[in-house]
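Dear colleague,

I am handing over the structure below, together with notes on what was found in it. Please look at it beside the sequence as you read.

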Amino acid sequence: MQITVGVNGESYTRDVEDRLLLVHFLRDTLGLTGTHWGCDTSNCGVCTVQVDGKPVKSCTMLAVMADGREVKTVEGLETAAGLDPVQQGFMACHGLQCGFCTPGMMLTARALLDRNPNPTEQEIRVAISGNLCRCTGYENIVQSVRWAAEHPASAEASEGVSA
Amino acid sequence: MTQTEAPIGFGRMHRVEDARFLRGRGNYVDDVQLPGMLHGAVLRSPFAHARIVSIDTSAAEAHPKVKAVITGQVLATLNLAWMPTMSYDTQAVLATDKVRFQGQEVAFVVAEDRYAARDALELIEVDYEPLDVVADATQAMAAGAPVIRDDKEGKTDNHIYDWEAGDHAATDAAFANAAVVVSEDVLYPRSHPAPLETCGAVADFNKATGKLTMWCNTQAPHAHRTVYALVAGLPEQKIQVISPDIGGGFGNKVPIYPGYVCAVVGSIVTGKPVKWMEDRSENLISTGFARDYHMHGEIAATADGKILGVKVDVLADHGAFNSVAQPSKFPAGFFHIFTGSYDYPAAHCKVTAVYTNKAPGGVAYACSFRITEAVYLIERLVDVLARKLGMDPAELRLKNLLTPEQFPYTTPTGWEYDSGNYPRALNLAMEIAGYQQLRQEQAEKRSRGEYMGIGISFFTEGVGAGPRKHMDILGLGMADGAELRIHPTGKGVLRVSCQSQGQGHETTFAQIVAEELGIPPTDIEVVHGDTDQTPFGLGTYGSRSTPVSGGAAALVARKVRERAKIVAAAMLEVSTEDLEWEKGRFYVRGDQEKAKTIQEIALAAHSSLELPEGVEGHLDATTVYNPPNLTYPFGAYICVADVDPGTGVVKVRRFIAVDDCGPRINPMIVEGQIHGGLADGIGMALMQVMAFDPQGNHLGSSFMDYLLPTSLECPAFELGETVTPSPHHPIGAKGVGESATVGSPPAVVNAVIDALAPFNVGHLDMPLTPANVWSAIQGRPLRTDLAL
């Protein structure tokens, strides 16, 4: 089946098998390997992307269901203005170790901040509770998202952490 | 917050590896794409124990996208149906005679894409004849139990080994004279590290060059290369193992798994690169699990609480093949460190290991080769003793902890602890926790029917394996090499044998060199995880990176510094004896102005400067670090937990962790490692268990059934630090990667049992699920690892 999917602002038209998962469409068909795969059962959240601005576990969505929709992956977080404040926060607060959960975690965090720019620690913990991390014990991830909330402006961000 | 300047050496700095991870530009093994690459998938046994009557692969072979179907019979023609394990046992690559655990590898399909490979698995017909199952270690030793390893000639039972440490007679004598003896059956149930990235490999055998390139998320690339050479008969110089970025390891990625061997064979058979990635279920049911120790412990003491001795009897469930990856001379790993952090003269342990119809493994999950089990046992026993004596568990520990002047201290089972100040760490933890106020709060809450508990654990770890005279894996000594190349501009490349799975080696190891040479860490590129690019070493597990490879990095930098000194002397036209070092430069004693920086020296070393006779020029150096002893990090942990007696739900409210790992190279990274380990401990104590039914069916084969802690189960952690350097390590550092995983589970369990004291609950086995806690309150504790 032919589908047209917007990914990080670019439009891609491809013929895909009906059963192809969105995560494999992104990784194998488009070569966007920043989105990871971890569990098959939508428990771990490492495959989280945004579809039309909402966080979605891309191992539990078919590529054909993304036809005509806009997907944002970790590769789309950085803009010409620099790293997204969430990316800067993860570096500033050591919110990542092996980096495997990080893309999904950051897209969940970005979606949280888009709807709630100043979340409490508990609100952050609830928001990321569908994203597992085996390295950090979540402590520094919570701090990273708080950092991003406190440094929202891209102008300010450009003076912040460089990577 | 603006970025802090990178320190010249040790100190907090952001990680250099973050730049790629934050952009989704890491390179994990499933990201490797090669031209013409095919995909493999493994057919696994649905039975825990069954004879294979026949395998029909004809329909799978007829699938238009299938390139090869490999069975055990095919492998047998290559002499590869069985492979050696890291414990001098054998393990089936693909089953030929029978299957011995649910999920065992039976056939391997190579196809054009990963979906087609899985489709083809459905087309393979296997006729099994089910056999009686041994799903439990205690059943394994029963008379008439089915013999699992009938492939081993003359094998008539499921026994693997008996192993002892300590002095049996002296321990019996200590017990005979003791006023108080308590005993406890302590189960450390089977668990699984479950890194979020599953195991996988891309094998590319190039027929033209005879070279095998193997991308594999292994924690021990050099050891794997040597084992492949020994087993497959490929010349070692024609094997390149590349460990790219790894999505967490925790010991799960040390062994060689059948899927790796199948990927290699698949590539040889098809002439194309073959990628094999497990799915989550495969990872949980077939790869290296952790623990499964059934322990009986007894502790003897005087009436006023001075511990006199401890004895332990362990039944160890190793699964269907003894494949534990650990120093080979220690069949029960470092379990005999079970005497813990206390001062007493007598101890004895006996470990009996058995085969069961469960997946092989046992040493994994940040366990420091079974120290996790040892610490859990002793810290539970000490709490049981405290309750028996009516003593506060903190007071009992303070009364028995080793004192600073006792170091170096040789334990009753022969370990030589290098350095420690244990009372200081426990006192600090109690101060951060506000221990006395917590006890007051607990008493007040109890009086109104609320149940909070305060749990303490104190641990000593032995990490950094290890001295090559005692420690090897399959004969490979556990020393690590390092190479440091300094470019003319004073920038450098450090090559190390250990491999990061998220520990931040590219930052930390650059900081070690920076500290020694007095240059910014960002001037050092760290190369790791590629056997063609790095010197030999045994890899990253057992918290050995900093203790072993970190020692190598410091020493190779000191070699460079010594070479630089000779060049500096020639530049300054003085004798090397007239030179003094301060971070980043040599100066002439008595004249601070007359100096050469390391960068100036580097350039001169590559120039036409006339060097003394016998000096080759350049500054590059290599070394091998053979540690003289293990390092012994330690810590004091306090957990505060609230228990709802109506539902059995446990909430960890606070967790205080004081760790002493010697000097911290990058405190930010150290704290992150501790945070992660604390979450592991909470997970193991409250949620994680690999349970089986009597037929050997795995009851935790997905993340829906095998529960991992989320952000909601973990509190904000409260950390404290003391610093007791290791006297024998080049930079005094002790290693920390596993400390919190080792130390935290007993604190959580002790807290919950403390909370339940009013219900007369004195024993619980992990995990402390709501059902388990609630049942214990009702007086009916559960056996948590079996659905019997």
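This is a predicted model: local features need pLDDT of at least 70, side-chain atom pairs count only at pLDDT 80 or more; totals for chains, interfaces and linings use all residues.

Residues are numbered from 1 along each chain as its sequence is written, and chains are lettered from A and ligands numbered from 1 in the order in which they are written.

Helices (H or I, at least four residues) and strands (E, at least two) are DSSP runs numbered from the N terminus, and two strands pair if DSSP finds at least two bridges between them. Two residues lie between the strands of this hairpin, and G584(B) takes a positive phi near 100 degrees there.

Chain B as a whole has 19 helices and 34 strands. Its C-alpha atoms fill a box of roughly 85 × 75 × 55 Å along the principal axes. For 788 residues a compact globule would have a radius of gyration near 28 Å, and the 27 Å of chain B agrees with that; the radius is taken over C-alpha atoms, and the globule rule is 2.2 Å times the number of residues to the power 0.38. Buried residues make up 59% of the 788 residues in chain B, where buried stands for 20 or more other C-beta atoms within 10 Å of a residue's own, exposed for 12 or fewer, and partly exposed for values in between, with C-beta atoms placed from the backbone. Among the contacts in chain B between residues at least 6 apart in sequence, 79% join residues at least 24 apart; a contact requires that the C-beta atoms of two residues, placed from the backbone, lie within 7 Å.

One sheet in chain B deserves a description of its own. Four strands form this open sheet in the order β27-β26-β25-β31 (chain B), with mixed pairing. Because β27 (524-527) and β31 (621-625) of chain B stand at the edges with a single partner strand each, one side of each is left without a neighbour in the sheet. The twist averages 15 degrees from one strand to the next, with axes fitted as lines to C-alpha atoms, for helices over the stretch in contact, and angles running from 0 to 180 degrees between N-to-C directions. Helix α14 (residues 505-517) of chain B packs on the sheet and touches β25, β26 (492-496) and β27 of chain B, its direction making about 130 degrees with that of β27(B). Strand β25 (residues 480-486) of chain B runs antiparallel to β31(B) and is joined to β31(B) by five bridges, and E483(B) stands opposite T622(B) in β31(B).

Chain A is divided into domain 1 (2-76) and domain 2 (85-160), with bounds that come from an automatic or database domain assignment. The centres of domain 1 and domain 2 of chain A, taken over C-alpha atoms, are separated by 21 Å, and 15 residues of domain 1 of chain A are in contact with 12 residues of domain 2 of chain A. On the domain 1 side, β3 (48-51) and β4 (54-57) of chain A are the elements that give two or more residues, and β3(A) gives the most, with three residues.

How many residues does each chain bring to the contact between chain A and chain B? Chain A gives 47 residues and chain B gives 45 residues. On the chain A side, the elements that give two or more residues are α2 (85-92), α3 (102-115) and α5 (139-150) of chain A.

Most residues other than glycine have a negative phi, and most peptide bonds are trans. Y138(A), which is not a glycine, has a positive phi of about 75 degrees; Y138(A) lies in the loop between α4 (121-127) and α5 of chain A and counts as buried, with 29 C-beta neighbours inside 10 Å. N79(B), also not a glycine, has a positive phi of about 60 degrees and counts as exposed, with 10 C-beta neighbours inside 10 Å. A cis peptide bond joins M766(B) and P767(B), with omega about -5 degrees.

With best wishes
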